[in-house]
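Please keep the sequence and the structure in view while reading.

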Amino acid sequence: MAEAGPAGESPAEEAPAVIGATVPTGFEATAAAEVQEKLGSASRVSKDRGKIYFAVPARCLPQVHRLRSVDNLFVVVQEFKDYRFKESKEDALKDLEDLVKKLPWTAPLKVWELNNSLKKKKTKRKKHNQQSSASKEKLNEDGEEERTDQKDASEQEDCAQAAEPASGRGTEETEETGAESRNGGDDTEQSEAKDELHGGSGGETKAGDGKKGEGDAKVLKFRVTCNRAGDKHSFTSNEAARDFGGAVQEHFQWKADMTNFDVEVLLNIHNNEVVVGIALTEESLHRRNITHFGPTTLRSTLAYGMLRLCDPQPTDIIVDPMCGTGAIPIEGAMEWPSCYHIAGDNNPQAVKRAANNICSLLKKNENKESSTSVGIPLDIIQWDICNLPLRTGSVDVIVTDMPFGKRIGSKKKNWDLYPACLMEMGRICTPGTGRAALLTQDKKCFAKALSRMGHIWRKSQTVWVNVGGLHAAVYLLKRTWERAEITRSFW
């Protein structure tokens, strides 16, 4: 494989790369809109729900990693929209093996190398920030003046904010596709990688240097992950990954490793649609904000999608009355800092977790900026959802994850809780312009409650989503001009 050219002249930095992204199912259009807004690229939604594709210059990878609506990223090697599988298992698997030699690997592997170099710079900056924090602590304790190299930190700023590369599939997606994967002739069921991906030891690792006889270059370790959907295939996802992985190993002379791998090759099969890609992320990007988890912590990517549905405007007051660990208000405060966010919950333990997540985020921002942090426009309080300490008509947007009645509460309690919640939300929400995005899996109960509150809420859109394997829905509601009944009982 050809070596990359001098810095600034690499083809991977000039040619557009086709990027695939997994997103919360139902929010493909929302993710496509974000890509268009922030990267100026049109996206194509895959037939396989929960995926979008878009083309961007490889030098835009840091901005791609900063997208808020995507879970996992991969660079597309090649896509086949109508792949003809042979009827017999042996012939179908043999075709997949032969396909490896025909694929255009060079450009996607250069994108992978560039992505790896960005990760190394981020890791270097993280260590620098930790050293800076340690220096500051020592200064406070001993009274000694110790300076940190601020110049190095500023030089690394552009690449350092690239999201943490992570591999492959999120938990919810694995549950959706039911994919199991094997690699390189190994008959052991493949598990998700837990160790951090290492691009190489010492110098930069070149993806094409895995072949023997090319000097002392490190032999890369890899695995193949196959996600298959459809009932007309003569083979299983395990068999496809095993045989495809064996061909990859033979082609590149890479070493198969299920857990401590450098490269993850993705083989996505959805009926007759086949996409081969290389993972650019190790773990899902939805883990960006939360450090203290609760029993029903919402993914940050799903929280972003719900907030974006409401189209927040500057100076809007946005409330999450059942915030749990704070995923929605924290995501809102990070992405819409010109709004004011209020979070609350009736469970003191949930409020404590949310407060800890906010503190962790503030500390992270201080380290990132290496200077005084301006904070985030977010407050949290313990309250009763049915008796909120907020003025009537004072809230512009309500976004919340309502109790499903499974891990928290019960379906029976929801029949009383949902109508009371909708009434109180209607009271605090601004008539005529207020809106709400409410997530629930208890759709029957919600529909009944909404029918009783039709005079103050109008349903404008329903987005069907998958939450941890549960078929749920996000309801976008618009506040009518009708005045809500006021039943206050503070004293």
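Threonine 315 lies in the loop between α10 and β9, where helices (H or I, at least four residues) and strands (E, at least two) are DSSP runs, numbered from the N terminus. Although threonine 315 is not a glycine, its phi is positive, at about 75 degrees. With a relative accessible area of 65%, threonine 315 is exposed; here buried means under 20% relative accessible area, exposed over 50%, and partly exposed in between, computed with a 1.4 Å probe on protein chains only.

This is a predicted model, in which local features need pLDDT of at least 70 and side-chain atom pairs count only at pLDDT 80 or more, while totals for chains, interfaces and linings use all residues. Residues are numbered from 1 along each chain as its sequence is written, and side-chain values use heavy atoms, with hydrogens and water left out.

The secondary structure of the protein comes to 14 helices and 15 strands, and buried residues make up 52% of its 491 residues. Contact means heavy atoms within 4.5 Å; among contacts between residues at least 6 apart in sequence, 79% join residues at least 24 apart.

A positive phi also occurs at aspartate 311, which follows α10 and has a value near 50 degrees, and at glutamine 253, a residue other than glycine, with a value near 60 degrees. Glutamine 253 sits in the loop between α9 and β6 (255-256), and its relative accessibility of 32% makes it partly exposed.

The table sets out the relative accessibility of several individual residues.

| Residue | Relative accessibility | Class |
|---|---|---|
| Histidine 341 | 1% | buried |
| Threonine 325 | 5% | buried |
| Glutamine 253 | 32% | partly exposed |
| Glutamate 482 | 47% | partly exposed |
| Threonine 315 | 65% | exposed |

Helix α10 is largely enclosed by the rest of the structure, because 10 of its 10 residues are buried; among them are Ser300, Tyr304 and Arg308. Helix α2 (residues 28-39) packs with helix α10 (residues 300-309) at an angle of about 80 degrees, their axes lying 10 Å apart. For these values, axes are lines fitted to C-alpha atoms, for helices over the stretch in contact, and angles run from 0 to 180 degrees between N-to-C directions. The two helices, α2 and α10, are therefore roughly perpendicular to each other, a class that covers angles of 65 to 115 degrees, whereas those under 35 count as roughly parallel, those over 145 as roughly antiparallel and the rest as oblique.

Beyond β9, threonine 325 is placed in the loop between β9 (317-320) and α11 (327-335). Its C-alpha atom is separated by 8.1 Å from that of alanine 355, 30 residues apart from it along the chain. Helix α11 is mostly covered, with seven of its nine residues buried, including Ile328, Pro329 and Gly332.

Histidine 341 belongs to strand β10 (residues 340-345). Its side chain reaches the backbone oxygen of tryptophan 336 at 3.0 Å; such a polar contact is a pair of N or O atoms within 3.5 Å, and within protein one must be able to donate a hydrogen and the other to accept it, while residues adjacent in sequence count only if both atoms are side-chain atoms. Leaving aside neighbours within four places in sequence, the residues in contact with histidine 341 include Pro329, Gly332, Ala333 and Trp336, as well as Pro377, Leu378 and Asp379.

A nonpolar core is a set of buried Ala, Val, Leu, Ile, Met, Phe, Trp, Tyr and Cys residues joined through side-chain atoms within 4.5 Å. In the largest one, of 55 residues, Ile19, Phe54, Trp105, Phe244, Trp254 and Leu267 touch the most other members, and helix α9 (residues 237-252) gives the most to this core, with six residues. A second, separate core of 30 residues includes Met423, Met425, Met453 and Ile456.

Glutamate 482 lies in the segment after β15 (470-479) and, not counting residues up to four places away in sequence, touches His455 and Ile456.
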